Amino acid sequence: MADQSNAYKTETIAADAAGIARAAALIRAGQCVAVPTETVYGLACDATSGAAVARVYAAKGRPAFNPLIVHVSGTEMAESLAEIDATARALIDRYWPGPLTLVLPLKAGAPVAALVTAGLSTVALRCPDHPVAQALIAAAGVPLAAPSANASGRITSTRPAHVLASLDGRIPLVLDGGPTRGGLESTIVAVEGGRLHLLREGAIPAETLGLAREAAPVAAEPSAPGQLASHYAPRQPVRLDAARAEADEYLIGFGAVAGDLNLSASGDLGEAAARLFDALHQAEASGKARIAVAPIPEKGLGRAINDRLRRAAAPR
Ligand code: TXA
Ligand code: MG
């Protein structure tokens, strides 16, 4: 694939009506655009166009075996793409729009480019709970394939500046909707024969979905192909469960461990989730040789936070 580095002069514009119209025109022309959702920024393109989807893979440097999430406006669009059984329907009724991605059987003849699903017989669908993401789907008039808006393996983006940190010059446009509300990616659940399998911890804790801890996959053999061991990684090495910083470390604190920046002084996991990726970006930009992170409790959103941190700290 052609090298896309610095092929574009990346523009950042407000996510108002005019901005959304420009973004939709670019998407209809087969380009990709960074867009805010309630979880993180996504790099959106026309999911029905193989050429457009290829641009997303190229911009991210993403391996082609790693499929993309398709963002839909609601149930009707979802039904045109996937087989939705009663189990999936119940989850959709309860959690959409919102940060729950469902991996479902791809419908025969669904207008989804083969590259989106990486050739799998399933498709990941999500209905975002964000006015800008929804307005963009409506204006583009197609389902939008959108992975997180960061170069493959690098830190996820919750602000426009984070997008530019790894994609400046590689995409034409960033729609600026300010910092995202949630801060962690969606929870991914596969629905298969009426049973649920947790593929990725995320914004909705597994216990909220009634999924047992054992249902979570271990890192070695990922069932969501993107769940590679090293991911979300800053340039520097990351040390976890740190009570204090060594001389050359930037310390990301939590609760009583203050650090250079505290994810949540009061120990609130929702607040910590919203700040996590910004903290990793700030730590990366700090100039310190290494990054340390305070212990985060392994419960509720803490499980998704620790999942991201373990991957950030994994051997490269
Ligand atoms: O909150 C989110 O989910 C964000 C926003 C932008 O919507 N998106 C996001 O996308 O996190 P991405 O590409 O960074 O992660 C998508 C994950 C990958 O791990 C991929 O392997 C998995 O979803 N995935 C996609 N399609 C799949 C499928 N058919 N079967 C299993 N896993 C799938
Ligand atoms: Mg990602």
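This is a predicted model: local features need pLDDT of at least 70, side-chain atom pairs count only at pLDDT 80 or more; totals for chains, interfaces and linings use all residues.
A residue counts as buried when its relative accessible area is under 20%.

**View 1. G202 sits buried in a loop.**
The loop between β10 and β11 (238-239) holds G202. Its relative accessible area is 1%, so G202 is buried. D307 is 105 residues away in sequence, yet the C-alpha atoms of G202 and D307 are 8.9 Å apart.

**View 2. Ten strands form an open sheet.**
The strand order is β1-β8-β2-β3-β7-β4-β6-β5-β9-β10, and the pairing is mixed. β1 (11-14) and β10 (195-200) are the edge strands; each has a single partner strand, so one side of each lacks a neighbour in the sheet. Within the sheet, β3 (residues 42-46) and β7 (residues 144-145) are antiparallel and share two bridges. C45 faces A145 of β7 across this pairing.

Residues 160-167 make up α6. The helix lies across β1, β2 (33-35), β3 and β8 (173-176). Relative to β8, α6 runs at about 165°.

**View 3. Helix α2 packs against β3 and α6.**
In α2, the buried residues are A52, V53, V56, Y57, A58, A59 and K60. They pack against β3 and α6. Directly after the helix, G61 adopts a positive phi of about 65°.

S49 belongs to the loop between β3 and α2 (50-60). Its relative accessible area is 19%, which is under 20%, so S49 counts as buried. The S49 side chain comes to 3.0 Å from the backbone nitrogen of A52. A52 is itself one of the buried residues of α2.

**View 4. Helices α1 and α5 cross obliquely.**
Two packed helices are described by the angle and the distance between their axes. For α1 (residues 17-28) and α5 (residues 131-140), the axes come within 9 Å and the crossing angle is roughly 50°. α1 is therefore oblique to α5. The crossing is right-handed. From α1, the residues that meet α5 are I20, A23, A24, I27 and R28. Their counterparts in α5 are V132, A135, L136, A139 and A140. An α-helix has 3.6 residues a turn, so residues three or four places apart point the same way.

**View 5. H71 is buried in strand β4.**
β4 spans residues 69-71 and includes H71. With 7% relative accessibility, H71 is buried. A polar atom of the H71 side chain lies 3.4 Å from the backbone oxygen of I69.

**View 6. Strand β14 pairs with β11 and β12.**
β14 covers residues 290-293 and is parallel to β11, with two bridges between them. R239 has A292 of β14 as its bridge partner. β12 (residues 249-253) also runs parallel to β14, and four bridges join these two strands. Here Y250 stands opposite I291 of β14.

Most residues other than glycine have a negative phi, and most peptide bonds are trans. Between W96 and P97 the peptide bond is cis, with omega near -10°. P97 is in the loop between α4 (86-95) and β5 (100-105). A118, not a glycine, has a positive phi of about 50°. The loop between β5 and β6 (122-126) contains A118, and at 27% relative accessibility this residue is partly exposed. Y232 is likewise not a glycine and has a positive phi of about 55°. Y232 lies in the loop between β10 and β11, and its relative accessible area of 2% makes it buried. G202 is in the loop between β10 and β11 as well.

Conventions: Residues are numbered from 1 along each chain as its sequence is written. Chains are lettered from A and ligands numbered from 1 in the order in which they are written. Side-chain values use heavy atoms; hydrogens and water are left out. Two strands pair if DSSP finds at least two bridges between them. Contact means heavy atoms within 4.5 Å. Axes are lines fitted to C-alpha atoms, for helices over the stretch in contact, and angles run from 0 to 180 degrees between N-to-C directions. Buried means under 20% relative accessible area, exposed over 50%, partly exposed in between (1.4 Å probe, protein chains only). A polar contact is a pair of N or O atoms within 3.5 Å; within protein, one must be able to donate a hydrogen and the other to accept it, and residues adjacent in sequence count only if both atoms are side-chain atoms. Angles under 35 degrees count as roughly parallel, over 145 as roughly antiparallel, 65 to 115 as roughly perpendicular and the rest as oblique. A crossing is left-handed if the near helix is turned anticlockwise from the far one by less than a right angle, and right-handed if clockwise.
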